[in-house]
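Dear colleague,

Here is the structure I promised to pass on. My notes on it follow below.

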Amino acid sequence: MKIAFVGKGGSGKTTLSSLFIRHLAAAGAPVVAIDADINQHLGPALGLDEADAAALPAMGERLALIKDYLRGSNPRIASAETMIKTTPPGEGSRLLRVCEDNPVYDACARPVELDGGAVRLMVTGPFTDADLGVACYHSKTGAVELCLNHLVDGPEEYVVVDMTAGSDSFASGMFTRFDITFLVAEPTRRGVSVYRQYKEYASDYGVTLKVVGNKVHGQDDLDFLRAEVGDDLLVTVGHSDWVRALEKGRPPRFEFLEDANHRALRRLRTAADATYELRDWEHYTRQMVHFHLKNAQTWGNERTGADLAAQVDPSFVLGEGVTAAV
Ligand SMILES: Nc1ncnc2c1ncn2[C@@H]1O[C@H](COP(=O)(O)OP(=O)(O)OP(=O)(O)O)[C@@H](O)[C@H]1O
Ligand SMILES: [Mg+2]
């Protein structure tokens, strides 16, 4: 299943996604972790030192390879140049699976050892001013969107994305690519204002959005979040000395994370597992086509000089049973 962590800057997206990834790895679940946030901190939060984090290959710099691999022999996609971030798979496209080796993982993913097992980590690479706020051909998150749209994920397989809740993801449709979106919010007005904005987009597209309260101390914080977000509040996390020790470069073993936080992580997993069971691949495919046509019209056709609507394979439905070209 596909899971996103979004929220205001500094709310704890990276911290909570990294804890959730550790939780899954400790349970032996296969995980692809993706850092698609402006502040690329997921590697260090998973325990990489500065040099290892800096050496991670940037997906944004390997867009051509990703496109070439994914388009495979799909006759509707004439070249990597005409493949934009929303170009959907069709017959002949190559698909990705969580548990496999493929050239995209070879080029873009690195194993990270955690207590209990290793996960694959992929990062978009550092953002520049030119990457922000524009629905653009070279967008860094475009590489992630292509991977998500070509990824056939099963139950008990997890793709966890640490990302921004920026206008890019609303324009491209990236925010609709997840079974569940965890919105990390501190108990402050600004924390919940991001929730309100996201909720507006989310409800138009049937996106499952749950709030994870972070840095919640005591009843007043809890009451505030309840009053502001109601039933969307899934769980809260308090200050964690374990996280603080990690920040000091002295990570304790994961089993020593506070019990209440272990429980919170279990709630996240249960909620994610429950939404995967509702996955409707046809709806999922229709939404990617919807956003592709929208992006084709607003900038893609003009940018590539091609009619990108012709890339849509009307009979194709992404799904576990699909056998793609090899
Ligand atoms: N529950 C927690 N307990 C202790 N420290 C925390 C907790 N949550 C977050 N922090 C700390 O707060 C800071 C911000 O958290 P984090 O980097 O996860 O936020 P973010 O939303 O990813 O921020 P950015 O927008 O910069 O990417 C970090 O120093 C992190 O260690
Ligand atoms: Mg972050």
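Aspartate 153 and arginine 279 are both buried, where buried means under 20% relative accessible area, exposed over 50% and partly exposed in between (1.4 Å probe, protein chains only). Their side chains meet in a salt bridge, at 2.6 Å from N to O. A salt bridge here is a side-chain nitrogen of Lys or Arg within 4 Å of a carboxyl oxygen of Asp or Glu. The pair links distant parts of the chain: aspartate 153 sits in the loop between β6 (151–152) and β7 (158–163), and arginine 279 in the loop between α11 and α12 (281–304), 126 residues apart. Helices (H or I, at least four residues) and strands (E, at least two) are DSSP runs, numbered from the N terminus. Both residues also belong to a network of salt bridges that links Lys2, Asp153, Asp179 and Arg279.

Some ground rules. This is a predicted model, in which local features need pLDDT of at least 70 and side-chain atom pairs count only at pLDDT 80 or more, while totals for chains, interfaces and linings use all residues. Residues are numbered from 1 along each chain as its sequence is written, chains are lettered from A and ligands numbered from 1 in the order in which they are written, and side-chain values use heavy atoms, with hydrogens and water left out.

Other salt bridges

The structure holds 14 salt bridges. One of them joins aspartate 115 to arginine 253, with the closest N and O atoms 3.6 Å apart. Aspartate 115 is in the loop between β4 (109–114) and β5 (117–123) and arginine 253 in the loop between α10 (241–247) and α11 (259–276), so the bridge ties together parts that are 138 residues apart in sequence. Aspartate 115 is partly exposed, at 25% relative accessibility. Arginine 253 is partly exposed too, at 45%.

Lysine 215 pairs with glutamate 186, the closest N and O atoms being 3.9 Å apart. Lysine 215 lies in the loop between β9 (209–214) and α9 (218–229) and glutamate 186 in the loop between β8 (180–185) and α8 (189–204), so this pair ties together parts that are 29 residues apart in sequence. Lysine 215 is partly exposed at 37% relative accessibility. Glutamate 186 counts as buried at 17%.

Ligand 1

Ligand 1 has 18 residues around it, and Lys13, Thr14, Thr15, Ser240 and Glu247 come nearest; a residue counts if one of its heavy atoms lies within 4 Å. An oxygen atom of ligand 1 is 2.9 Å from a polar backbone atom of glycine 10. Glycine 12 also has a polar backbone atom 2.9 Å from a ligand oxygen. Taken alone, ligand 1 exposes 630 Å², and the protein buries 83% of that.

Helix α1

Helix α1 (residues 13–26) has 14 residues. From first C-alpha to last it reaches 20 Å, close to the 20 Å expected at 1.5 Å a residue, the expected span being 1.5 Å times one less than the number of residues. Of its 14 residues, 12 are buried, among them Lys13, Thr14, Phe20 and Arg22. Just after α1, glycine 28 takes a positive phi of about 80°.

Overall

The protein chain has 12 helices and 10 strands. Its C-alpha atoms fill a box of roughly 55 × 40 × 40 Å along the principal axes. Buried residues make up 56% of the 326 residues.

Best wishes

Technical notes:
A polar contact is a pair of N or O atoms within 3.5 Å; within protein, one must be able to donate a hydrogen and the other to accept it, and residues adjacent in sequence count only if both atoms are side-chain atoms. Accessible areas come from the Shrake-Rupley method with a 1.4 Å probe; for residues, only the protein chains shown count as cover.
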